[in-house]
Amino acid sequence: MIRSNDILGLIHSNAYDDCLAELTNMRTMGSVPFGGRYRLIDFTLSNMVNAGIGKVGVLTKSNYQSLMDHLGTGRAWDLARKHGGMYLLPPFLLGESGSFDNRIEAIKGNMNFIERSDEEYVLMSDCNVVMNFSAADFVAFHEKSGADISILAKRGKVPAVKNTLVFSCGEGGRVTSAVFGSAGDEGLFSANIYFMKKALLERLINDAAAMKKKSFEEDLILENIGSLKIFAMEHQGFAYAIDSLKTYYEANMALLEAENAHDLFTSKRPIYTKVRDDMPALYGIESSVENCLVSDGCVIKGTVENCILARGVTVEKGAVVRNSVIMQDSFIGVGAHVENVIFDKSVVLKPGKTLCGAEGFPVFVGKGIVI
Amino acid sequence: MSKKTECIAMLLAGGQGSRLGILTKNIAKPAVPYGGKYRIIDFPLSNCVNSGIYTVGVLTQYQPLELNDYIGNGAAWDLDRESGGVHILSPYQQIKGSEWYKGTANAIYQNINFIDRYDPEYVCILSGDHIYKMDYSKMLAYHKEKNAACTIAMLEVPWEEASRFGLMMVDDNGAITAFEEKPKEPHSNKASMGVYVFTWSKLREYLLADEADENSSNDFGKDLIPAMHQAGERLFAYQFDGYWKDVGTIDSLWESNLDLLRPSVDLDLSDPSWRIYSKTAAAPPHYISAKAKVQNSMVTEGCSIAGNVDYSVLFAKVKVEEGAVVDSSIIMPGTVIKKGAVVQYAIVAENAVIEPGAVVGEKPENTPNREEWGVAVVGAGVRVGRGARVAPKAMVGEDVPAVSAEEEAK
């Protein structure tokens, strides 16, 4: 029986930043706002914490100021602890060694932390797949199947994320072959969530680093399908791999479907996030709101339809906002009109202005821009 | 012994709040939900932290379970600290026996040892019954400036309401010259807010004297402060201008919640420089469906709204189904209002279920005899059955059986 306090969590907060260049210009993939009041890392962290994991290392590479601000001491996830808890792991720069640029180097650079941890197992995840999964079930799958490495996978359209493995499985989920999928194909693609013995990860990474290998997926997984027992577990519920601004928008909008929201925010496994202590949302006398997710701190006096509003968004009188993702503290002035947009944090749209993207292809407005 | 602390706060949170009826059946009054995501005690606690008072004793007595659980280690208010922080103080056994807190002064008397541990110059006495935002540090500065033994926060109330309050006469210098306790014919409209700053050495002395006096009811307002006044101590009034409301009755609790929806009311909970902190449930943003109509209301995270909501305050995880109507009401966390049910001019406590077609409360204009009209109250966990009616001013603490269609036709 694998005990939850015998598992070390590892999170790659910068993985695939380039997929969302607009949003990760000033932040990590992990600190990209999502679903009104969350950051992408909240899902990953909550999944680990909800399975009883008490020690999590967050690997960072660049732009991690917003991530540090969000995570703080880790208290929102009950990870502010004397023993274990959350460890923020910035790149370790020594002498001529520079910052890493692949997953193998990222892990190798933090080998000290990993080796010094007492846990026998490791659960490793990125932040770009939005889902709420039972890590406890995943661990039980690993144990039951007798796998060396278990990978969580999702059946559907392969995301446009480079090096995404697509699996063919035999009985019980044993991976018999795998290929790098091309975006848009249907298949059982890897969500890049791995479970294995820590000693195995250490050995694989040390060997790969010594051979100057570059690709975790190719050199550690694909190469070892014959020699290691690699199993894939199919995730049944809501899962959205974010590979572009368009899918980021679609994943947000998907939460307006009751079924998806219900699956992602199941009360069995709550998603935790940093608390901001905003007041509840306030609706004005002439407000009209349809099919929206609205966070605390919003003040709505205008018309809002099919939108995700983050904390502290203001929609003034006579303003119309449709089919948009509006991040925290943005302001839509009196009589302004927006459709099909993504507003980063603290965007100000002055009274009477109009801004519209095309349906399904939202216009992005960067943090703090005043229009 | 802890390190010396200039000012600590003692928060009286033991009251039953009997005028709130079933709302305080299982919880103490300070734990009563308010304003969509808060509880009453969040206001004095947040005021303390925002005023730089980081040592707070919370005196509990009546139904403390939920309150203790809510306060926890104080992290929600940044009161989980190495030195100071929040402390729950319940009555305890002593060598000479054990007794409950007999009155407000006695409650502090029984905790003299706690206060002495911090060796404070000043002690701020607060109550957990009021909604207001106040900077106690300004009041403390005033107290020091006046070299007072006791400073009482004072608010000018409308003359017609003055007889409900403890009143003070104040001279030009701010010194208190006389008291009136709920007089029929008030001579002042300066009401005490139940917020006191004492110089600890003075308070300590009068607490001991008050305890020794067998005729005393051990109450600050009735006994201890008049005794200080009689002895010629320096008592000063500190004027407060702003929103302050005692939410001790159903009507005032209802009104005060709805005050948040009135732009003219001076109670801004969105002010980032004076946040009101609370412990929040991990709930997603609330969802407003395409069939919903929400106007002039406050809605909290975790809600799911498909019906009509007007002039109401909805707490976390409230569900309003399609065709249901919520009007001029306060709906506390986790309550479900099912299809076609109507809740108007009502307070519905936590985790209640209003079944389809049920009607809770009534509009005042539809009640011929205004005397019979009042805010309806549904207690925590109560199920109001299909088609059932809860009359205005009624207070239901037990499930209300469903009314069959035939009976309804009669």
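## Strand β10 of chain B

Strand β10 of chain B spans residues 150-156 and is mostly covered. Six of its seven residues are buried. This is a predicted model.

β10(B) has two partners described here. Strand β13 of chain B, residues 190-199, runs antiparallel to β10(B), and six bridges join the two. Within this pair, B:C150 stands opposite B:F198. Strand β14 of chain B, residues 235-239, pairs with β10(B) in the parallel sense over five bridges. There, B:T151 faces B:F236 of β14(B).

## Chain B as a whole

Chain B holds nine helices and 33 strands. Its radius of gyration is 23 Å, close to the 22 Å that the globule rule gives for 410 residues, so chain B is as compact as a globular protein of that length. Along the principal axes, the C-alpha atoms fill a box of roughly 70 × 50 × 45 Å.

Of the 410 residues in chain B, 57% are buried.

## Surface and charge of chain B

The accessible surface of chain B is about 17,300 Å². Carbon and sulfur atoms account for 47% of that area.

Chain B carries 40 positive and 54 negative charges.

Strand β12 of chain A covers residues 230-234. Four of its five residues are buried, so counted under 20% relative accessible area. The strand is thus mostly covered.

Strand β8 of chain A, residues 149-157, runs parallel to β12(A). Five bridges join them. A:L152 stands opposite A:M233 of β12(A).

## Helix α9 of chain A

Helix α9 of chain A runs over residues 245-254. The helix is mostly covered, with eight of its 10 residues buried.

Which residues of α9(A) are buried? They are A:L245, A:T247, A:Y248, A:Y249, A:A251, A:N252, A:M253 and A:A254. An α-helix has 3.6 residues a turn, so residues three or four places apart point the same way.

Technical notes: Residues are numbered from 1 along each chain as its sequence is written. Chains are lettered from A and ligands numbered from 1 in the order in which they are written. This is a predicted model: local features need pLDDT of at least 70, side-chain atom pairs count only at pLDDT 80 or more; totals for chains, interfaces and linings use all residues. Side-chain values use heavy atoms; hydrogens and water are left out. Buried means under 20% relative accessible area, exposed over 50%, partly exposed in between (1.4 Å probe, protein chains only). Two strands pair if DSSP finds at least two bridges between them. The radius of gyration is taken over C-alpha atoms; the globule rule is 2.2 Å times the number of residues to the power 0.38. Accessible areas come from the Shrake-Rupley method with a 1.4 Å probe; for residues, only the protein chains shown count as cover. Lys and Arg count as positive and Asp and Glu as negative; His and the chain ends are not counted. The place of a charge is taken as NZ of Lys, CZ of Arg, CG of Asp or CD of Glu.
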